[in-house]
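Keep the viewer open as you read.

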Amino acid sequence: MLGKKFATGIVSALLVAVSGCFSMAAADNLTVDGTTRNMQVYAPAGIEKNRPLIIQMHGMNQDASYQRNAAKWEPIADTARFVVVFPNGINKGWDLGGTKDLNFLKAIINDMYTRYGIDKKRVYVSGFSMGGMMSYYAATKMADQIAAIAPCSGYPLGGGTPSGSRPMPIIHTHGTTDDVVNYNGGVSNLKNWVNYEKCNTNSTKYSQYPVGKTSSAASLEVWTGCQGGSEIRLMSIAGKGHWYSMDLASVNTSDEIWNFVKRFSLDGAAADPNIEPPFVEPTNRTEIYNGGFDSTANAWTLQNHGDAKSTGTVKNGKYNLDISAVGAQPYTVQLIQHNLRLEKGQWYEVSFDASANAARTLEVNVEQHVDPWASYLAEKGNFEIGTTAKTYTLKFQMTAATDTNSRLSFNAGAATGTLTLDNVSIKKIEAPAVEIVTPGTTEPGATEPGATEPGSTENPGTQSIDKGVKFAAGSMQEYSVFGLTGKFLGKVNAAGMTEIRNQVKNLTQKSGVYMVKPANRGGAYKISVR
């Protein structure tokens, strides 16, 4: 833990942080250890007794007015009914090794109890930069008086060791490009607390947080199962420097702090039993989660690549995608859901409803969720979407090794405009029923009934899984060729059954039974080649 004196380099680094100061409002004074200390207090009008207290400390070379303006706690306190205190450090800094500021914090708690009857079991300490460091220090020395801490962009730079009379719930917020108080150091420090409190080693990660807020640069990692019912959270904000984030496009740090700390009290009970737990996306699942978009975009992630720009919202139980700019490939705008389990050899059907403000193409893919994002489809699905909602489906067999983290991707970067999706599902199906050609049988619906190849008694076709698909003589078509294991072998162009067999024989260079699929229709045929 840092002592009373900072190393010169640490002080210099902190001094380059924002040093602007707003004019101080009338301050409340307290005498602590013979010294007059001051603070700013915000209490909602008519505040009831037994309400929580949040103490939030400023960064080095800043003051209470600066922190109060940066964090904007007043509207949150008015709604949730709690008291907020912004104390001033001596010489705009904090004592990180002695008792001066610990005693100041204790005096604030007692004074707020005398004045407002605050609930001493629900006192929460937070701080920015050096104030965040002081939060950690207070956690080690005042755990019997502080229910949870919420440091922002600050941690013990001297490598403090976690300690305390009880496990401490922590939410730590940090920008990933902080050049004053290093982000990676903050992560390492927090993991020391994870180990100290014996939390579950496997954390839950939300790559985009709040979940479903597609503009957010924030992510969240949560460690649960800590001793004493504690919990530890790391909220990281990509591209954010040494600032207290109030970016409406990402997260309101004060909101996030309150929603976390309000769950904890010194007796271990949740302060508000009606608080909804954070969404945890189920993993290794065989079906789409939240395919009906009932109220949120939980489990769905919208990604824009390159110069593409789009936003996604859930309204009236549908996902509405508004695309304002696209790139060179359909995948430049992707709505994806991963954590899907696809089993080798199993057949699946993907189904969804879609409409658009103007006719457009939508590419659908089932693929790996990691580099190289290999597709599990023989051919990606390309659907012509109209202005009226319709149901679209595709069927495929999983021919690769079982993947417990595959994903379904809607690749909408072909055109700008709006696209609406609903009722998305993926389910296991039985293998399509197809027949192998046998000599002398007749293909239902064939264009050449009864015709045979030269030198053969075999009919010119076989039963399709879609009886509307025909091997039409005289009409050149493209066919994809697969082995019976589902392995893609190549494509041929042919204008009749005899030519298909010849082309497949030329492609494979051996006799056998193969599956061929017309490029412009669903369904497939099995054919024998000799």
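Two residues are in contact when heavy atoms of theirs lie within 4.5 Å. Helices (H or I, at least four residues) and strands (E, at least two) are DSSP runs, numbered from the N terminus. This is a predicted model, in which local features need pLDDT of at least 70 and side-chain atom pairs count only at pLDDT 80 or more, while totals for chains, interfaces and linings use all residues. Residues are numbered from 1 along each chain as its sequence is written, and side-chain values use heavy atoms, with hydrogens and water left out.

First, the overall picture. The protein has 530 residues, of which 50% count as buried; here buried means under 20% relative accessible area, exposed over 50%, and partly exposed in between, with a 1.4 Å probe and protein chains only. Eight helices and 24 strands make up its secondary structure elements. If you take the contacts between residues at least 6 apart in sequence, 68% of them join residues at least 24 apart.

How far can you trust the coordinates? The predictor's confidence in each residue is the pLDDT, which runs from 0 to 100. Its average over the protein is 82, and 83% of the residues score at least 70. Confidence is highest in strand β5 (residues 123-128), at a mean of 98, and lowest in helix α1 (residues 8-15), at 38. Two stretches call for care: pLDDT stays under 50 over residues 1-26, and again over residues 434-470. Where pLDDT is low, the predicted coordinates should not be read in detail.

Now find helix α6, residues 183-196. The expected span of a helix is 1.5 Å times one less than its number of residues. For the 14 residues of α6 that gives 20 Å, and the end C-alpha atoms are 20 Å apart, which agrees. At the start of α6, a side-chain oxygen of Asn182 comes to within 2.9 Å of the backbone nitrogen of Asn184. Several α6 residues are buried, among them Tyr183, Val187, Leu190 and Trp193. What do the buried residues of α6 pack against? Their partners are α5 (130-141), β7 (170-175), β9 (218-223) and β10 (232-237).

Just after α6, Lys198 takes a positive phi of about 55°. Lys198 is also one of the residues touched by Gln227, along with Pro167, Tyr196 and Glu197, when residues up to four places away in sequence are not counted. Gln227 sits in the loop between β9 and β10 and, at 37% relative accessibility, is partly exposed. Its C-alpha atom is 9.8 Å from that of Pro169, although 58 residues separate Gln227 and Pro169 along the chain.

Next, look at the aromatic rings. Rings of Phe, Tyr and Trp (its six-membered ring) pair if their centres lie within 6.5 Å; planes under 30 degrees apart count as stacked, over 60 as edge-to-face and the rest as tilted. The whole structure holds 15 such pairs. One of them joins Tyr124 and Trp258, edge-to-face, with 6.5 Å between centres and 75° between the planes. This pair links distant parts of the chain, since Tyr124 belongs to strand β5 and Trp258 to helix α7 (residues 253-261), 134 residues apart. Tyr124 is buried at a relative accessible area of 2%, and Trp258 is buried at 8%. The rings of Tyr206 and Tyr209 also have centres 6.5 Å apart, but their planes meet at 55°, so this pair is tilted. Tyr206 is buried at 9% relative accessibility, as is Tyr209 at 14%. Elsewhere, ring pairs join Phe293, Trp300, Tyr319, Phe352, Phe383, Tyr392 and Phe410 into a cluster.

Tyr209 leads us to the backbone. Most residues other than glycine have a negative phi, and most peptide bonds are trans. Where are the exceptions? The bond from Tyr209 to Pro210 is cis, with omega near -5°, and Pro210 lies in the loop between β8 (204-209) and β9. The bond from Asp371 to Pro372 is cis too, with omega near 15°; Pro372 is in the loop between β16 (360-368) and β17 (381-385). As for phi, Arg81 has a positive value of about 65° in the loop between α3 (74-80) and β4 (83-87). Asn290 has a positive phi near 60° and lies in the loop between α7 and β11 (301-304), where Asn290 is buried at a relative accessible area of 17%.

Methods:
A polar contact is a pair of N or O atoms within 3.5 Å; within protein, one must be able to donate a hydrogen and the other to accept it, and residues adjacent in sequence count only if both atoms are side-chain atoms.
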